Amino acid sequence: MTAQIWVFLGYFAVVFGIGWYSLRATRNETDYWIAGGELGWFTGGATMAATHTSAGTFVGTIGVMYTVGWSFGWVLLSIPLAYWFMVAVLAPRFTRQKELTIPAFIETRYYGKGIRGLAGAIILIATVVYIQAQIVAGGLIANTVFGIPTTWGMVGFTAILLAYTVVGGMVAVVYTDAFQLVVMGLGAVFAVPLALRQVDGLGGLLTLVESAHPLVFTWETMPATLLFTMGLSFFLGGIATPEKLIRLYAMKDMRTIRRGVLFSIIMILGINLLVFILALSAIVLFPSLSTGDLAMPMVATAVLPATLGSIMLAAITAAMMSTVDSLLIVAGSALSVDIYQNLVDPEASPRRRMWVDRLGIVVVGSTPVVLLLSGVGEGDLVQFIVLLFTALMAAAFVLPVVGGVFWPRATKEGAASAMVGGVTATFAWEAWGATTVEPVLCGFLVSAALFVGVSLLTPPPPASALAPYFESSTSRDSV
Amino acid sequence: MNGPGFTFWGLFLACGLLLVGYVTWMIRAERDE
């Protein structure tokens with residue numbers, strides 16, 4: 001127990017240290033929201049991988065694999081494919097003009113403040129719910145490590161996250177993310193050999209896991225449609241979630257982006273494959289858990305020696321915190337830049353803007369824990385919410401972003417209806433659609449139909465909106 | 001039971017192929033710049 005507390009205190013101390021150091025590196029809004037747009041491949045790639053790897057990876061993914069078997073692992077391939085598409089196809093045009101936020105891109109390309117506010121509102125609401133799910137996971141970890149009530153754990157994590165994110169903005173986020181990625185890597189790298197030693201190595205594990213769960217290596221445990229549409233959800237979400245897109249603006253140039261994303265792909269594949277092996281070990285070592293979500297905490301507390309177990313728990317915490325801090329940046333900028341400064345107070349001085357920026361993060365960061373304390377959104381929903389958030393972002397933003405830089409005929413009205421229609425259709429499928437098909441398919445198709453249909457029915461966009469993204473903006477508007 | 005087949009090893013193979021593909025593409029992109 002003492003070892004656990006020391007590991008955690010040391011870990012928090014490093015995070016705080018980095019956070020406060022970043023205050024000095026944050027001189028203006030560009031530093032605060034996109035780290036000056038000057039990140040190198042290591043920090044850029046590390047923050048992408050750390051942001052992608054959430055409590056969902058260490059608790060949710062392992063839980064699903066514990067329950068349904070290995071075939072779920074194939075969904076992983078959608079992530080590198082999405083990143084590859086993002087770098088090779090989207091980024092060269094998307095980064096021609098750097099913005100501070102994704103809704104700011106929407107305003108530039110779709111020539112309207114209203115549509116920027118709409119994009120900000122969608123991001124704000126979806127992100128607050130996502131943060132909430134991660135904070136719940138944080139509360140459970142605090143309960144395991146420190147023995148304090150989960151509510152106090154949630155409040156404590158929120159306070160720690162706010163402390164460094166509010167102070168140092170994106171600079172603090174990327175440097176703490178790099179450190180947290182190291183913690184996650186260490187956790188996974190140390191845990192796997194120890195877990196394998198208990199089951200006679202990899203060969204022993206594969207034999208034992210098949211006798212405990214005969215269908216584990218077949219395709220029969222999960223409907224093919226669900227597997228495919230889940231992959232589609234992660235692919236589309238990987239392209240268009242704002243916390244990923246904003247990192248394209250934060251990195252220095254295209255060469256840096258290509259290398260950073262390679263680093264990120266290597267880390268994501270490595271960490272996930274190690275976590276998958278841990279899930280197999282859990283099937284053998286703890287064959288009758290009531291829920292798959294307990295598999296990872298069981299490995300951390302019952303398989304690993306105390307110090308390594310606490311590094312593993314720190315890894316889960318790092319996964320959670322490095323995702324939430326990035327979401328705080330995205331939601332905070334949506335509130336203070338895209339909604340408040342854009343629609344309410346456009347004349348604010350730079351000094352006042354910096355204060356509003358920080359206040360925005362405090363507001364979006366405290367909302368989830370206030371909602372949880374008042375009993376809204378409790379429950380064990382981590383992986384479910386991660387999937388729904390990804391689906392919503394995919395349905396709302398893939399077409400307006402990708403279509404925006406490739407199809408000059410795309411209009412403001414087309415993009416706005418794609419966002420609203422995509423979000424509505426995703427929710428509708430979630431509520432009433434077939435459970436063997438992920439809601440993203442319905443949301444994406446509705447979004448695509450509205451994007452193309454409404455764009456063609458409305459007047460073409462002005463040349464000024466196309467200039468940043470198309471070479472000869474005026475002659476190509478009839479594609 | 002005859003051991004895990006393509007479902008298991010294939011995922012590692014696919015990850016490896018993806019990485020090789022990405023690196024090849026990246027080297028070509030940098031050369032063309």
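## Chain B

Of the 33 residues of chain B, 9% are buried (20 or more other C-beta atoms within 10 Å of the residue's own, with C-beta atoms placed from the backbone; exposed means 12 or fewer, partly exposed in between). Chain B holds one helix and zero strands (DSSP runs numbered from the N terminus: H or I of at least four residues for helices, E of at least two for strands). Its C-alpha atoms fill a box of roughly 50 × 5 × 5 Å along the principal axes.

This is a predicted model, in which local features need pLDDT of at least 70 and side-chain atom pairs count only at pLDDT 80 or more, while totals for chains, interfaces and linings use all residues. Residues are numbered from 1 along each chain as its sequence is written, and chains are lettered from A and ligands numbered from 1 in the order in which they are written.

## Contact between the chains

Chain A puts 20 residues into the contact and chain B 17 (C-beta atoms, placed from the backbone, within 7 Å). On the chain A side, H5 (78-94), H9 (201-212) and H12 (254-285) each supply at least two residues. H12(A) gives the most, seven.

That side of chain A comprises 14 nonpolar, three polar and three charged residues. Nonpolar covers Ala, Val, Leu, Ile, Met, Phe, Trp, Tyr, Cys and Pro; charged covers Asp, Glu, Lys and Arg; the others, Gly among them, are polar.

## Nonpolar core

The largest nonpolar core has 181 residues (buried Ala, Val, Leu, Ile, Met, Phe, Trp, Tyr and Cys joined through C-beta atoms within 7 Å). Helix H14 (residues 306-344) of chain A gives the largest share, 21 residues. Among the residues with the most contacts inside the core are Ile62(A), Met170(A) and Val398(A).

Beyond its neighbours within four places in sequence, Met170(A) touches Tyr32(A), Trp33(A), Ile34(A), Ala35(A), Ala250(A) and Ile329(A).

Key: Contact = placed C-beta atoms within 7 Å.
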